[in-house]
Every structure is written in structure tokens, then in C-alpha cells.
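This report looks at how the parts of one protein chain are arranged. Please keep the sequence and the 3D view at hand while reading.

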Amino acid sequence: MFLTADIQEAGYSEDSIILKDIRFAISRGELVGLIGPNGAGKSTTIKAILGILNYMKGEIEAREYSYIPERPIFYERITLWEHIDFLLSTLETDKKEFYERANGLLKTFQLSHVIHHFPESFSKGMQQKVMLILALLKKPDVYIIDEPFIGLDPRAVKELLQMLHKEKENGAGILMSTHVLDTAEKICDRFILISNGKLVSSGTMDDIRKDSGLLNGSLFDCFDVLTTGENNDG
Ligand SMILES: Nc1ncnc2c1ncn2[C@@H]1O[C@H](COP(=O)(O)OP(=O)(O)OP(=O)(O)O)[C@@H](O)[C@H]1O
């Protein structure tokens, strides 16, 4: 397994437990969608995996990963190219090959013209692209991606989908939280559906359909059935 999460309970403090009994695993070459309504606990699940929650009972095992946050974070007064150079200094990798890949990705995501600018001054979508480039340059075993689609223009979404497909083919495991269910349905191998901090359903599209009782339903329809009422019963 590339990532195993066994979260018995977790939250922002012992008195504010958000997640209960969330267990899943991701193996080589798998793209798994983490889905659930607003406030369901997707970001909290990701924080539990990253080990940055104040309270967590359970166990996480993960290979080397790249985390792509929903809200990009950069060093201040450090240019895009300096971010790339800084990443290189933390990796044991061939410099020439790294720079070639960096330049290729900058071109693909149309950022070559701003390499000497500060990412803190970029638009949200441009910042997201920088985060993606830095994550991809690490060549990790696992990607943990928090809502990648909102904020990217259609062309960047297409590039991202192609990149994710390529990384998967190369053996990476990917956990991706998203609200864009039609895209998730097309690209994910499996799903983890959470609501109110609990696992509501998980598995392939067929498993999710069986759990929802909608044997021909779309992910959106199954999501609707499986999460309706969950928010009202506490
Ligand atoms: N820093 C925090 N301190 C305390 N509670 C928090 C904090 N961040 C989130 N929560 C609570 O945890 C619960 C789950 O939030 P989380 O951000 O994980 O949801 P989400 O599924 O990612 O939602 P969205 O789809 O809106 O991004 C919510 O009730 C939220 O109020």
C-alpha cells in the first residue's frame, strides 16, 4: 500500500472531534476521489494524513508524498524560479533533468514568462499551477490533492488531468478531494464518500451505486442519496 489511513477519531482538539472511524488505503497506480458535502471533513481527513491535526487517534502510513493544498502557500519575496531552485536543493536528483522537467512544466502551464516574479502576486489559478508544478517536480509515490479543479481555467484542467493520468501510469497513488463530481466519476478508480465526519460509502462506482440503491445512477445522484439526511441527524 502507498497510503493507509486508519483514523479512529480526529479533530482540532480533544473537545472538537470531527472524524470518526475513517479507514482506507490507496495502492500503486490508483486515483481515489475523496468526496463529501461542505463541512463533511475532507480537508480535516487530509490534515489527519499530513499529521497536522491537534488531536488524532489512529495510524497513518504513507510513502513519500506531495501535498497540493486548496489554498496555495508560498515563501514571501521569493520568485517562482527561486521556489523551484529551493525544491531542487531538497531533492537528490539529476540537476539537468530536473531543470528540463521544470522548464517543460512551466511551458505546459504557461508560466515561463513569470519565472522571475513572486508567486504571492499571481492570480489564484496561476498560484495553483505553481503548486502543481512543485508537486510534480518532486516525483513522489503519492499525491494528496485538495480540490484541484476550482480556480483553474479549462485548458489548465485538461493539462492537470493529463498529468494525473501520466503519474498514475507511472505508478503513483493519488488521493484527491473534489466537488467536481462529473470529472471525479470519469477519472477516479475508487471513491471515499464522507459526510458528517464519517465514512458513508467507499469503493468503485459500482459499489457506490449498490450502496445508494441507484444501479444506473451518476456519482452526483448517488452522492445526493447517500448524503441526504446525514446532515440532519447530528
Ligand atoms: N481550524 C478549525 N478549527 C475547528 N474546526 C474546524 C477547523 N477547520 C474546519 N473545522 C470544522 O471541521 C468540520 C469539517 O471541515 P472540513 O474543512 O474538513 O470540511 P470539508 O469537507 O473539507 O468542507 P468543504 O467542502 O467546505 O471544503 C467543519 O464542521 C468545520 O467547521
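## Basis of the description

Helices (H or I, at least four residues) and strands (E, at least two) are DSSP runs, numbered from the N terminus. The model is predicted, and local features need pLDDT of at least 70, while side-chain atom pairs count only at pLDDT 80 or more and totals for chains, interfaces and linings use all residues. Residues are numbered from 1 along each chain as its sequence is written.

## The annotated span

An unreviewed UniProt entry lists residues 2-221 as "domain: ABC transporter"; such positions follow the numbering used here, with feature names shortened, and the annotations may be inferred rather than shown by experiment. This span is 37% helix and 28% strand, and its end C-alpha atoms lie 30 Å apart.

## Two domains

A domain assignment, whose bounds come from an automatic or database source, gives domain 1 (1-64 + 141-234) and domain 2 (73-139). Taken over C-alpha atoms, the centres of domain 1 and domain 2 are separated by 26 Å.

Where the two domains touch, eight residues of domain 1 are in contact with nine residues of domain 2, and contact here means that the C-beta atoms of two residues, placed from the backbone, lie within 7 Å. On the domain 1 side, helix α5 (residues 154-169) gives the most, with four residues. That side divides into five nonpolar, one polar and two charged residues, where Ala, Val, Leu, Ile, Met, Phe, Trp, Tyr, Cys and Pro count as nonpolar, Asp, Glu, Lys and Arg as charged, and the others, Gly among them, as polar.

## Helix α4 and its partners

Helix α2 (residues 80-90) and helix α4 (residues 124-137) pack with their axes 10 Å apart and at an angle of about 20°; axes are lines fitted to C-alpha atoms, for helices over the stretch in contact, and angles run from 0 to 180 degrees between N-to-C directions. That makes α2 roughly parallel to α4, since angles under 35 degrees count as roughly parallel, over 145 as roughly antiparallel, 65 to 115 as roughly perpendicular and the rest as oblique. In this pair, L80, H83, I84 and L87 of α2 meet V130, L134 and L137 of α4, and the contact comprises six nonpolar residues, one polar and no charged.

Helix α3 (residues 95-108) also packs with α4, at an angle of about 150° and with the axes 10 Å apart, and α3 and α4 are therefore roughly antiparallel to each other. From α3 the contact takes in F98, R101, A102, L105 and L106, and from α4 it takes in I133, L136 and L137. These residues divide into seven nonpolar, no polar and one charged.

## Helices α7 and α8

How do the axes of helix α7 and helix α8 cross? The axes of helix α7 (residues 205-212) and helix α8 (residues 219-227) cross at roughly 40° and come within 9 Å, and α7 and α8 are therefore oblique to each other. Here M205, I208, R209, D211 and S212 in α7 meet L219, C222, V225 and L226 in α8, a contact that divides into six nonpolar, one polar and two charged residues.
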